[in-house]
Amino acid sequence: MRYPRDLLGHGPNPHIAWPDGARIAVQFVINYEEGGENCVLHGDAASEAFLSEIVGAQAWPAQRHWNMESIYEYGARAGFWRLHRLFTERQIAATVYGVATALKRSPAQVAAMQEAGWEIASHGLKWIEHKDFDAERERAEIAEAIRLHTIVTGKGPTGWYTGRCSVNTLDLVTEAGGFDYVSDSYADDLPYWHEHAGRHQLVIPYTLDANDMRFATPQGFNSGDQFFSYLKDSFDVLYAEGTAGAPKMMSIGLHCRLAGRPGRAAALARFLDYVKGHEKVWVARRIDIARYWAEAYPFRPNENRPSRLSKDDFISRFGGVFEHSDWIARRAFAGELAPANDTASGLHAALCAVFREASEEERLAVLNAHPDLAGKLAQAKRLTESSTSEQASAGLDALTDEERERFTALNDAYVEKFGFPFIMAVKGRSKDEILAAFETRIGNDGKAEFNTACLQVERIALLRLREMLPE
């Protein structure tokens with residue numbers, strides 16, 4: 001099985017930089033959905049029930065919901081213009097997630113967006129749920145959204161965010177092509193590349209936490225102070241991480257009918273001013289981030305990742321990680337591998353899981369597959385390349401006659417007592433350290449030493465993988 005989800009991402013220490021040494025990239029999204037929501041006037045089966053002042057609202061089948069419609073209308077008639085003033089007065093450019101049918105019904109607002117230099121990304125054809133759409137139906141909606149968006153704004157969208165998406169959305173947008181980014185993901189604080197059907201697509205993750213939608217959900221924000229406090233704390237943590245050398249991105253999601261209300265707009269204004277009060281902050285549109293990332297960190301295909309290899313290539317490359325025991329690599333390949341297993345530690349975990357699940361007899365066979373340290377095989381130069389290198393790194397290929405006799409006596413006594421050779425991850429260890437461990441461990445009981453030897457086998461495997469794969 002190849003598990004499709006990437007639970008590793010950029011890993012623990014992503015090394016990236018923003019333009020001019022910025023400590024954080026801050027991006028504001030204004031969702032324009034008013035006029036594109038569920039409504040029987042739009043040919044929908046029921047009224048809207050999502051993200052309004054009526055928390056917990058239910059859709060009304062085959063009926064108009066006057067209160068819901070007027071709440072959405074507030075966003076277009078009043079909320080948008082309040083947000084427009086907040087941003088233009090401070091000369092902060094935003095990205096608009098524009099629902100194509102909503103944009104078509106709001107020509108004055110579209111003109112204002114364009115005059116302000118805001119990016120207008122596509123928010124789909126209609127602001128409706130897509131989880132039950134089959135791929136063909138959703139593909140058709142994406143195409144129609146692009147067509148209508150182009151008619152309304154004069155050019156096609158270069159960014160995409162469905163929001164109420166399906167499991168197919170990201171792949172379908174990747175298939176459609178022509179987008180600098182897609183944002184139907186909440187998986188990271190940094191952009192990343194998505195691959196599908198031989199294509200690659202930049203993903204700029206969005207946010208549902210630093211988002212005014214929480215004013216319209218249970219256990220969300222109750223006041224502007226809560227909204228401001230949460231945004232400020234998020235900014236402060238990310239700004240500190242950037243100052244320490246690990247810059248990230250912060251997205252803030254806004255809705256005209258929510259943040260456009262006076263009591264919430266005041267909190268937003270405080271946060272805008274707070275951000276502008278800091279140095280080394282890159283306030284950008286999403287398209288700006290996408291273009292920078294594509295140039296600075298372009299997609300690099302890597303078909304040599306362990307989870308991408310064919311069976312034969314996987315066995316050939318990793319079959320010797322556990323000495324003369326390629327069955328471990330075979331079972332790992334037949335099991336679940338994912339992007340998280342494409343690093344040294346990740347693949348080590350997969351291989352060790354097979355080793356630990358094996359029978360005691362199988363693990364004993366792995367122990368017996370290892371050569372004696374400074375033994376006859378080493379003298380005859382019949383060690384594997386890895387074992388030769390490891391023993392040489394500890395100076396075991398250059399022993400005096402007295403040292404060789406001592407190792408031989410210890411090896412013989414150890415094997416006679418335990419039934420398998422003494423195993424130790426010797427890379428980087430001195431002869432004295434190895435001999436001291438030898439003499440200490442020979443005093444263990446059988447069970448304790450079997451477990452110790454197995455741990456050393458795993459340690460040897462990790463050191464070998466670190467020479468083959470990145471961390």
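Where is the place of proline 262? Proline 262 lies in helix H7, where helices are DSSP runs of H or I with at least four residues, strands are E runs of at least two, and both are numbered from the N terminus. Before I go on, a word on the model. It is predicted, with residues numbered from 1 along each chain as its sequence is written. Local features need pLDDT of at least 70, side-chain atom pairs count only at pLDDT 80 or more, totals for chains, interfaces and linings use all residues, and side-chain values use heavy atoms, with hydrogens and water left out.

Back to proline 262. Its relative accessibility is 47%, so proline 262 counts as partly exposed; buried means under 20% relative accessible area, exposed over 50%, and partly exposed in between, with a 1.4 Å probe and protein chains only. Setting aside residues up to four places away in sequence, proline 262 touches Tyr74 and Arg82, contact being heavy atoms within 4.5 Å. Glycine 9 is 253 residues from proline 262 in sequence and 39 Å from it in space, C-alpha to C-alpha.

Next, the overall layout. The protein chain divides into domain 1 (19–297) and domain 2 (311–468), with bounds from an automatic or database domain assignment. Taken over C-alpha atoms, the domain centres are 54 Å apart.

Now the cores. A nonpolar core here is a set of buried Ala, Val, Leu, Ile, Met, Phe, Trp, Tyr and Cys residues joined through side-chain atoms within 4.5 Å. The largest has 50 residues, and Phe28, Tyr32, Phe87, Met250, Leu254 and Phe271 touch the most other members. Among the elements giving two or more residues to this core are E1, helix H1 (66–89), helix H6 (224–243), strand E8 (248–255) and helix H7 (262–276). A second, separate core has 45 residues, including Ile315, Leu373, Val457 and Leu469. As for tyrosine 32, its contacts beyond four places in sequence include Ala76, Phe80, Val96, Leu103, Met113 and Cys256.

On to the rings. The whole structure holds 35 aromatic pairs, meaning rings of Phe, Tyr and Trp (its six-membered ring) with centres within 6.5 Å; planes under 30 degrees apart are stacked, over 60 edge-to-face, and the rest tilted. Why is the pair of tryptophan 18 and tryptophan 282 called tilted? The ring centres are 5.7 Å apart and the planes are at 50°, so the pair is tilted. It links distant parts of the chain, 264 residues apart: tryptophan 18 is in the segment before strand E1 (24–32), and tryptophan 282 is in strand E9 (residues 281–283). Tryptophan 18 is buried at 2% relative accessibility, and tryptophan 282 is buried at 18%.

Phenylalanine 80 and tryptophan 81 make an edge-to-face pair, 4.9 Å centre to centre with 80° between the planes. Phenylalanine 80 is buried at 1%, whereas tryptophan 81 is partly exposed at 27%. Both belong to one aromatic cluster, whose members also include Phe28, Tyr32, Phe87 and Phe271.

Arginine 214 lies over phenylalanine 221, 4.5 Å from the ring centre, and arginine 264 over phenylalanine 215, at 4.6 Å.

Last, the cysteines. With a disulfide taken as two cysteine sulfur atoms within 2.5 Å, the count is 0. For cysteine 39, the nearest cysteine sulfur is that of cysteine 256, 18 Å away. Cysteine 39 is buried at 4%, and cysteine 165 is partly exposed at 27%.

Note on methods. A charge sits over a ring if NZ of Lys or CZ of Arg is within 6 Å of the ring centre and within 35 degrees of the ring normal.
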